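Please look over the structure shown here.

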Amino acid sequence: MDRKTTTLVLAGLLILFVMVISLVLYLTNPPRPVWELTQVWSRAFPQTEILKGINLIGDKTDEVFLAGPSGVAVLDSQGEVRFAANFTDAKATLGDLDGTPPDEFVVVHRGEGTSWQADAFQGDGSRLWSRALPDLAEPSRASSVDLEGDGRREIVIGDQRGKLVCLNSDGSIRWRFTLASGSADTYIRGLDDLPLGNGQMAVAAATYAGDLAVLDANGAPLWQSSGASARLRRLRVYDLNGDGRGEIVLGWENGRVEARSATDGKAIWQARMGQRVQEIHDAELNGDPSNREIVVGGKEGAVVGYSSQGMNLFSTSVGGKVKRLAATDLDGDGRDEVFVGTDGGRLYVYTAAGERLVDTGLGGTVLKLDTGKHLAEGEILTAAGETVGLWHVTRQRPPWWYNPLVAGFLASLVIAGLAWVVSGISPPPKLEYSAEEMSVEALQAKRKMLIESLSEMRRLQERGEIPPDAYEARMRELRSHIARTEAELIKLGVEVKREVAQCPNCGAPIEVGADRCPYCGQTLL
């Protein structure tokens, strides 16, 4: 195989290797889109506790409802204020009070003196009713729940002393219940509506000390529990297994996460995340809409996804205490992306498998996130520091040439080009000097070297270290060089003394360089 063929074959093998590696990289790590968050608008609002995109006016566009200790506000879709009111130590909740869309909202706040009162409003700020709550301590939670199944929501309020009061949709008092009392840790920490199946609803409530109760429509406890070994951080209600009944998901300061049955409060599953639970949110992580998964954030930055049976689906970590979680399907693959807000003002977006897509700063501690159904696809509401804002999440696909296959193809073209150029280069000629270009001394030295080469070739032939064909060809070449060298020396007037050898056949003397014995005709190799 000549040098050109060898070069082209090696180049072909190298091209094959490069393309195989490129294909493996493409299949194992395909080009991924780049995700970006672009702010649409922002508005100042302090200490946000409720942030929700919802239609409150009844028009064709959704509004943004804001609530905090100092008041409430309703913004239009462009962030402009449509209604705002100031209150003191307020807690608010949303719900349909009259059985017809859109929803209304209720604000529980400090009235005159030390008394508390609840005010109901329509989305445009029109007051529906006002109710004094003289026996209520400072409210810690408020929630709405349709206890009758008539489309009208009742309002349940929990206070700092472990007491609950339920108002009918017209503001009249429905029932009262004391969950716990006697210590500063008995304030209502968790409050949520709980589906019991068959259209029945209940209220799930818990104190910071870990006292739990599920109350029916009349405020009677279906079950209660107390004596928890840790303090409660979060109570959420989700239908994890898709049976129409909610499961109560609890997160504790000792890192325990558990799901309990709505019917008897028994634990369905428990898990440990190794740090204090900060937040819990539901998400669709496995692509199966028949059940629901949850994401839990911790004080040290852990973010863990759990299945409906409590199995760990993914685990990652952010650079600070998790403050808020949200989830929505951004790319339409049937699995939610997970939004994580931290106390350091960072907003992260992860895939359902825990791969980070976005890391951006919001300028303050993340207080609330909303990716609810009332927002347009790819939009998220954020409350960070003293500012609320609407962001649009976009996905930029990489150009078609941005993948390993194209890089491998280009590298192969370079290899092929170089191989073609190299194979076309002729080998350099042997560097020789003709006898005519050499001095007398050089010619004499060359003649001596050639004669020594003759002797060396004979020794190699006698030892059998050189094939006959190669030996004969080399001997002919050396004799030819000796003859030309001696002829040139004679031409320069130098007397040449012939070197004499002995004929191997007849023993007659023969000049070195002769091809045949002049006496017996023996061919000399």
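## Helix H1

The expected span of a helix is 1.5 Å times one less than its number of residues. Helix H1 covers residues 3-28, 26 residues in total. Its first and last C-alpha atoms lie 38 Å apart, close to the expected 38 Å. The model is predicted.

Buried residues in H1 are Thr7, Ala11, Val18 and Ser22. Their cover includes helix H2, residues 404-423.

## Overall form

The protein chain holds four helices and 34 strands. Its radius of gyration is 46 Å. A compact globule of 525 residues would come near 24 Å. The C-alpha trace spans about 145 × 45 × 40 Å along the principal axes.

Of the 525 residues, 46% count as buried. Among contacts with a separation of 6 or more, 43% join residues 24 or more positions apart.

## Surface and charge

The protein chain exposes about 26,200 Å². Carbon and sulfur atoms supply 50% of that area.

There are 56 positive and 70 negative side chains in the protein chain. How far apart do the centres of the two sets lie? The separation is 6 Å.

## Helices H3 and H4

Helix H3 runs over residues 440-462 and has 23 residues. From first C-alpha to last, H3 reaches 33 Å, close to the 33 Å expected at 1.5 Å a residue. The 24 residues of H4 should span 34 Å at 1.5 Å a residue. The end C-alpha atoms of H4 are 35 Å apart, which agrees.

The two helices cover each other in part. What covers the buried residues of H3 includes helix H4 (468-491), and what covers those of H4 includes H3. In H3 the buried set is Leu443, Lys446, Arg447, Leu450, Ile451, Leu454, Met457 and Leu460. In H4, buried residues include Tyr471, Met475, Leu478, Arg479, His481 and Ile482. Thr485, Glu486, Glu488 and Leu489 of H4 are buried too.

A glycine with positive phi follows each helix. After H3 comes glycine 464, with phi near 75°. Just after H4, glycine 493 has a phi of about 85°.

## Backbone exceptions

Most residues other than glycine have a negative phi, and most peptide bonds are trans. Glutamine 47 has a positive phi, near 50°. Glutamine 47 sits in the loop between strand S1 (34-44) and strand S2 (50-54). Glutamine 47 counts as partly exposed because its relative accessibility is 46%.

Aspartate 89 also has a positive phi, near 50°. Its place is the loop between S5 and S6. Aspartate 89 has 31% relative accessibility, so it counts as partly exposed.

Which peptide bond is cis, with omega near 0°? The bond from proline 101 to proline 102 is cis. Proline 102 lies in the loop between strand S6 (91-95) and strand S7 (104-110).

## Glutamine 78

Glutamine 78 is placed in the loop between strand S4 (71-75) and strand S5 (81-86). Is glutamine 78 buried or exposed? Glutamine 78 counts as exposed because its relative accessibility is 51%, and exposed means over 50%.

Glutamine 78 and valine 296 are 218 residues apart along the chain. Their C-alpha atoms are separated by 32 Å.

Terms used. Residues numbered from 1 in each chain as written. Predicted model: local features only at pLDDT ≥ 70, side-chain atom pairs only at ≥ 80, totals over all residues. Heavy atoms only, no water. Rg over C-alpha atoms; globule rule 2.2 N^0.38 Å. Buried < 20%, exposed > 50% of the residue type's maximum accessible area, 1.4 Å probe, protein only. Contact = heavy atoms within 4.5 Å. Areas by Shrake-Rupley, 256 points an atom, 1.4 Å probe, with all protein chains shown as cover. Lys, Arg positive; Asp, Glu negative; His and termini not counted. Charge placed at Lys NZ, Arg CZ, Asp CG, Glu CD.
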